[in-house]
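Hi,

Here is the structure I said I'd pass on.

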Number of protein chains: 4
Amino acid sequence: MAHLGQVELLTPELDATVWFFTEILGLTETARTASSVFLRTFDNYERTSVIVTRHHTSGLRRTTLRAASDEALHRRVAALEAAGRPGRWIDGVAGTGPTYLTADPDGHEIALYHQTEWYSAPAHLRPGLKNQPQAKPRQGIGVRRLDHVNYLAADVLPNVEFFEDTLGARPTEQIQLDSGKVSARWLTFTHKSYDIVYTEDRSGANGRLHHIAFATDTREDILRAADLCLDNDVHIETGPHKHAIQQTFFLYVYEPGGNRIELCNPLTRLILAPDWPLITWTEAERAKGQAWGLKTIDTFHTHGTPPLD
Amino acid sequence: MAHLGQVELLTPELDATVWFFTEILGLTETARTASSVFLRTFDNYERTSVIVTRHHTSGLRRTTLRAASDEALHRRVAALEAAGRPGRWIDGVAGTGPTYLTADPDGHEIALYHQTEWYSAPAHLRPGLKNQPQAKPRQGIGVRRLDHVNYLAADVLPNVEFFEDTLGARPTEQIQLDSGKVSARWLTFTHKSYDIVYTEDRSGANGRLHHIAFATDTREDILRAADLCLDNDVHIETGPHKHAIQQTFFLYVYEPGGNRIELCNPLTRLILAPDWPLITWTEAERAKGQAWGLKTIDTFHTHGTPPLD
Amino acid sequence: MAHLGQVELLTPELDATVWFFTEILGLTETARTASSVFLRTFDNYERTSVIVTRHHTSGLRRTTLRAASDEALHRRVAALEAAGRPGRWIDGVAGTGPTYLTADPDGHEIALYHQTEWYSAPAHLRPGLKNQPQAKPRQGIGVRRLDHVNYLAADVLPNVEFFEDTLGARPTEQIQLDSGKVSARWLTFTHKSYDIVYTEDRSGANGRLHHIAFATDTREDILRAADLCLDNDVHIETGPHKHAIQQTFFLYVYEPGGNRIELCNPLTRLILAPDWPLITWTEAERAKGQAWGLKTIDTFHTHGTPPLD
Amino acid sequence: MAHLGQVELLTPELDATVWFFTEILGLTETARTASSVFLRTFDNYERTSVIVTRHHTSGLRRTTLRAASDEALHRRVAALEAAGRPGRWIDGVAGTGPTYLTADPDGHEIALYHQTEWYSAPAHLRPGLKNQPQAKPRQGIGVRRLDHVNYLAADVLPNVEFFEDTLGARPTEQIQLDSGKVSARWLTFTHKSYDIVYTEDRSGANGRLHHIAFATDTREDILRAADLCLDNDVHIETGPHKHAIQQTFFLYVYEPGGNRIELCNPLTRLILAPDWPLITWTEAERAKGQAWGLKTIDTFHTHGTPPLD
């Protein structure tokens, strides 16, 4: 696949969740229906980054991935069917064309498409430079893009192998427990160091979300975001700090609907090596905490959405 | 005097000017009358930073300065009267108490006061930390404070001497032409390296404004401001760059009413030496341009408000 | 007093401590004797910021404070003698003139002076701008100034009152326990929000140091410092994060001699109000942790230098 | 090709050029011969980023490009030969394996390879995190990578078509004059928005260099670099500012040997769209200057290396 497309996020607090995305993160609302609000980051060339949908609980309904061409899309569909993970064709939503809907082994909905509508900004959002789809937002942080999705899965390995074997993802880093079990792996479709992450759901539940992440232009944006969250009673779970794994500068907050949202900044780090070896972190290495010594907070291992009863 | 208080700025485009201050700079509107809008920066402990007033042209109507105490205020009034620059007592506006209104030799209104109302934020603007008067704005840059005022004056020296001799300002840097004439001088009341600047008005006119400036928290804020100006058709005159004089990182724009506005960032530079010697820049030194080599733009020497016919 | 002058820091690991100050913080060595190395930050107008002295243990030997004039110095000396805290005149060191040496009630050496030698950079350290004493260092962070000293004291109140009553410090913030005891107070001589801090030494010991702090130009400098510490095995105690009290962005590390060093950045925050009211934080407020939720690390309450047996 | 490898830069001032790369940019010297010094950026997984070679004049001798595999390398070689641009096999240098040496139509040496030695840091340069090849430098800026090469060519089009048709580069932006002539085009092998640029050499000369560029982690790094250049008499040609084309935040300086060096920062901007359309800028659009209004400096159109007689 070429890159991450959009996510559909579920929330029991639609208005508050949309307030968070527009007023704190600086996403732009492009449309709404009775139950869903369509939002975009300013540098998305496609129409939609996030669909927020009213629901009885929180969680992630769907992740879409764009294929590089119609041919590539059909090759992936064939690979899915050959691998015993068939799906079905549905109409695309929010600007995307024919979409093939399947799921990872853990049950997260994955939707593949190629055709997409290039975003054209209305007059009041027209950018000053023609190589940018939309003016930079004046409100909130103005995050650049939906950066990655981090799934929880009862068993990490079959899911990352599904992404690697049928969708063309490449692993860049992982955590391997002393038992030999892979408890997390980071995957990429691009020169970004990761687009998709799977982390073990210690509860054993299926189909849950750890977090979705948005890339900011600068680390200063993340520090400003922390101030905005502080002043607006948005729960900061942990950060700002720097991950040892992937070196991402991060801030984790809970949006008002309960989903964990990361603001992330990788500086200019990219994985350009075509033969980058998978880096493995041991339990002992993980016990050292994050890059600058911050201990990983307990809820990071327990909170997922939807919450368990 | 203790520090700069507020400014009253005139504009022929009230709505557009207020839009600029709130949407780009991130000031907060606290009140409005038929002709004026009252605005504040988030870290002002007093109620008002800028009064924007509808007028047939642009310019600066008034600058207020706060005295450290009532006694200090009366000492300054006595000094003004002894120096042959008497004024008159008026009611304070926008949260300030009894105010003594005078003018500098060039005719800029200067108003002195001590009593002031400490700002108390309404519920929706309440900050997360008790050592901050107001929540950080979500829209625009969220400049921290009105930082300094730069007047144009037909003759710089009598005006800076007025500030030094009767108001207690201390000079930190100046430009002295080969002819011996002082064409600009930077003055401070605080440990900031300047609060007030006078620059020669080459047109010979009186009472005009070169610019008012707002301090940002970071240089990144100024780079973001430049993007917001670009995307919102706010005229950028020059910058971002670093001044050689005072080392300020700057961006100069024209607000929609025509007044030049600076966004400035001094990093953590302060003048702590009680006996800091006045630093003099020569014509030859000035000819080198700004700190990193940017040539000073022509309009910087000609544009003032109100404009000349 | 006008402002903080220099500190003399003790270390059992002279070479390693000097390596830390020059290679990580980017201080410049100006001179050395058999037992001491003289170091300066690039924006210090005086000759010396820190004297590092070989000793059997760590700790702070002396803090110097500059008076605004000889007259001011003598007024402070008279005040000390009147308050029953007399000292003695000694020769100044490292560029300072006649110095009056006394101590706070907890036993920390305090030395007052006015006359000082303005630093003149040698050719290879000459700055590009005449309003800066020295070129910005190419190695390490290049911290701008020695920013503040945080003493530990068995009993905070008599010490802060000593600074307020005889040395002219003004309190800006404090922590008051439910018992009514003041367990920490922040004091300033300038428009910086603090220059001197006293924190309760829970061990009951006297004369110990909590930390000395250096101001960086940017928060990015502190993030870079964290990386340099990580890569060079300098122990990071906590941070980077933002203090609730005073809002300082901070990083605490232990230099190789064991003394805690803070890199701090206040953005452009200043206390300009001449009548700023002392802000009091309660135990309950402190229990919330730092500004963005980081819990205060245990060693922050226990580690001081010299260490206790 | 997978990505840019290394460049060999010529200089008549070897020591001064190496001083610039190590002390200002923060590159690390790994080896030297009688005539060449081998340098690397801290995040290069390969051994060498820049070879600086003593020469009677300045300029760029060679650019290497890494292929994704041996198979990919041989496919490119076949394509070159089919396209009438054959080269010859040479031994790789500075850690690279068998290398196929050819040239673009304008005469710039281009060398293709796949096999490469992964860098292993000596003990004193060992990083704190295992996903980084080397400790971050303490001296200078510590640029992350050699980011792109900008060639001058008498005729742009045949050269960019050579890169597109035989080497697999994709065009992202270009300048097209009113006459229809393409005067500059930006090409990429990766998700970076460009790796290679061709600009018209108005002198009509062949084989010259406009600049090589290094990516910094932050825009603040570039502002710090400007200060270091100011204090160390490195000529700043223009910037810091933001390009309209590609939106890169830039600083252009001349290293002591005369070659133009860019420090560049793209924030987190990437071109993820597999079908990104080539964006064309007209003469009129170019006349507006850079993104925030800076006029393009004259030498930017005339200075290239080696200089013309």
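A quick term before we start: a residue is buried if 20 or more other C-beta atoms, placed from the backbone, lie within 10 Å of its own. Helices here are DSSP runs of H or I with at least four residues, strands are runs of E with at least two, and both are numbered from the N terminus.

This is a predicted model, where local features need pLDDT of at least 70, side-chain atom pairs count only at pLDDT 80 or more, and totals for chains, interfaces and linings use all residues. Residues are numbered from 1 along each chain as its sequence is written, with chains lettered from A in the order in which they are written.

Start with helix α1 of chain B, residues 14–24: its buried residues are B:Thr17, B:Val18, B:Phe20, B:Phe21 and B:Ile24. Among the elements of chain B that cover them are β1 (3–11) and α4 (219–231). After α1(B) comes B:Gly26, with a positive phi near 80°.

Now for how the chains meet. Contact means that two C-beta atoms, placed from the backbone, lie within 7 Å. By that rule, 14 residues of chain A touch 14 of chain B, and helix α4 (219–231) of chain A gives the most to chain A's side, with five residues. Chain D puts 31 residues in contact with 31 of chain A.

Cheers

How values were computed. A residue is buried if 20 or more other C-beta atoms lie within 10 Å of its own, exposed if 12 or fewer, and partly exposed in between; C-beta atoms are placed from the backbone.
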